[in-house]
Number of protein chains: 2
Amino acid sequence: MAAQRGEGDGVVTRPGETGTEAPADVRERARAIPEAAVARLAVYLRVLSGMVEQGVTTISSEELAGAAGVNSAKLRKDLSYIGSYGTRGVGYDVEVLVSHIERILGLTRKHSVAVVGIGNLGHALANYGGFPSRGFPVAALFDIDPDLTGVPVGGIPVDHIDDITTVCAEREVSIGVIATPPQAAQAVCDRLVSAGVQCILNFAPVVLQVPDYVEVRKVDLAVEMQILSFHVARRADEAAGDVVNGIGVDGVVIRP
Amino acid sequence: MAAQRGEGDGVVTRPGETGTEAPADVRERARAIPEAAVARLAVYLRVLSGMVEQGVTTISSEELAGAAGVNSAKLRKDLSYIGSYGTRGVGYDVEVLVSHIERILGLTRKHSVAVVGIGNLGHALANYGGFPSRGFPVAALFDIDPDLTGVPVGGIPVDHIDDITTVCAEREVSIGVIATPPQAAQAVCDRLVSAGVQCILNFAPVVLQVPDYVEVRKVDLAVEMQILSFHVARRADEAAGDVVNGIGVDGVVIRP
DNA sequence: TACCGCTTGTGAACGCTTGCACAAAGTCGG
DNA sequence: CCGACTTTGTGCAAGCGTTCACAAGCGGTA
């Protein structure tokens, strides 16, 4: 049931090197993984990395699910998308799981990152230790302000936005991060795309127009705030309304 | 069909003040709005605000959907969750729509924000203009380092984390932002919760444990990167695999 | 070797979300 | 005043993701 797409695919299974599992299987599976599951796999990986450091060698779905804040059935299903690497009656080997998730997420290759827009956020991103430590070295910084170019930020030189194509090609940038003001975002995006960057993380509060082959993820801090605001308002309304019943929605008592 | 929950609810409809629509209806509707729709409403609001500045007074679902990057049917359904405020044959009055979305999202009240952890990211957040301009004034900053306390950042004084309860109460903080290293995040979270903060935006790469009545949203930059990495890998695999058919998955030609 | 208890992996049901298609409802031109 | 045209609002069906529940499989033990 897992791989319904393409039983007759054109992938040639190399006869040698197929000791434990076939690369073609990994490839087929990667396509069937739901978007939501991919996001969770990244979380599992983070938790598991912490486990490795603590010297944990084996973990059950129940434990891992608890640490990752999800249902254990969901965790097992998520892991089943990438194959069966657990041992019934025992659990999962932590290191094996880490290496398989890393492979599925494509973390065996380095992904160089370019940050465009060296304002407050750009500075923070350039200095953020979480990227290099997880396999995403910041390889290039760009800004339109000539006063900023040349001066390194976090040890990385800032280049002018006009040099984006050559610099990105040179340093093999595969992910572009847009941290510019909203007015500039679309233009920067277009330049990144024409520089060959196919994955973009957008912090600017605008909807970017890109070709189909480009993947965009957006992080809009104000939207996150507004979603929280909605919940505040909803809660306040419940307090004014349903609390006459003594209990809020979902059986949760307000301020227990 | 809309409000299936609680036909016999204890909400008293105030007889006066019920000119155009009843407040109780707004309250009932807010609960029925799907989470995904709430996130999109925030996006619509942003687009609409831009329209107002451009002097646009009326907009059709088709236009707005295009600008927000969604299907027009989905947009109409999202708007129907908050009521019928469009005119058939014409479209939506931009200002009316803006004010209704603002009301639903609870943006009629100010939501003061506290940022904890004045490192790179905390600095950027304190200086970020996007918060105050959209009704989320940063009212307090906290750090554990005594060298930082007292020195204002972005015009806001930095207080010591130990004063979090009194300062939050004093300045009516309703949203806490965690921008600390991962090791400190859970402790900070606990302190925010005991200070009465019920909404938290977490930038630290850890899964926070909170009581049921607290709403947490997380932004994990490394996870975003890894999701992009997954798509890079998938694309590379397709290039090695399915492209023998000439066309990638979904009929999209790789690098057209 | 055979049994027992534990945990995985997954078929199946459920619920939420999306997209379609069309009736209802309003405007505009004659 | 009427008819044609435009656009909203929504019932309905399809798709996707989540959850449940349990058979299958493995290690430990006698």
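Mentor: In this predicted model, a polar backbone atom of A:Ser61 lies 2.5 Å from a phosphate oxygen of DNA strand C. Let us start from that residue.

Trainee: Why does A:Ser61 count as buried?

Mentor: A:Ser61 belongs to helix 3 of chain A, which covers residues 61–68. Buried means under 20% relative accessible area, with protein chains only considered. A:Ser61 therefore counts as buried, its relative accessibility being 10%.

Trainee: Which residue has a side chain joined to that of A:Ser61 by a polar contact of 3.1 Å?

Mentor: Beyond its neighbours within four places in sequence, A:Ser61 is in contact with A:Ser72, A:Leu75, A:Arg76 and A:Tyr92. The side-chain polar contact of 3.1 Å joins A:Ser61 to A:Arg76.

Trainee: How far is a polar side-chain atom of A:Tyr92 from a phosphate oxygen of DNA strand C?

Mentor: A:Tyr92 is among the residues that come nearest to DNA strand C, as are A:Ser61, A:Arg76, B:Arg40 and B:Arg88. For the polar side-chain atom of A:Tyr92, the distance to a phosphate oxygen is 2.6 Å.

Trainee: Which element supplies the largest share of the surface near DNA strand C?

Mentor: By class, this surface has seven nonpolar, ten polar and eight charged residues. Helix 4, strand 2 and strand 3 of chain A each supply at least two residues, as does helix 4 of chain B. The largest share, four residues, comes from helix 4 of chain B.

Key. Residues numbered from 1 in each chain as written. Chains lettered and ligands numbered in written order. Predicted model: local features only at pLDDT ≥ 70, side-chain atom pairs only at ≥ 80, totals over all residues. Heavy atoms only, no water. Buried < 20%, exposed > 50% of the residue type's maximum accessible area, 1.4 Å probe, protein only. Polar contact = N/O pair within 3.5 Å; in protein donor to acceptor, adjacent residues only side chain to side chain. Contact = heavy atoms within 4.5 Å. Near = heavy atom within 4 Å. Nonpolar A, V, L, I, M, F, W, Y, C, P; charged D, E, K, R; others polar.
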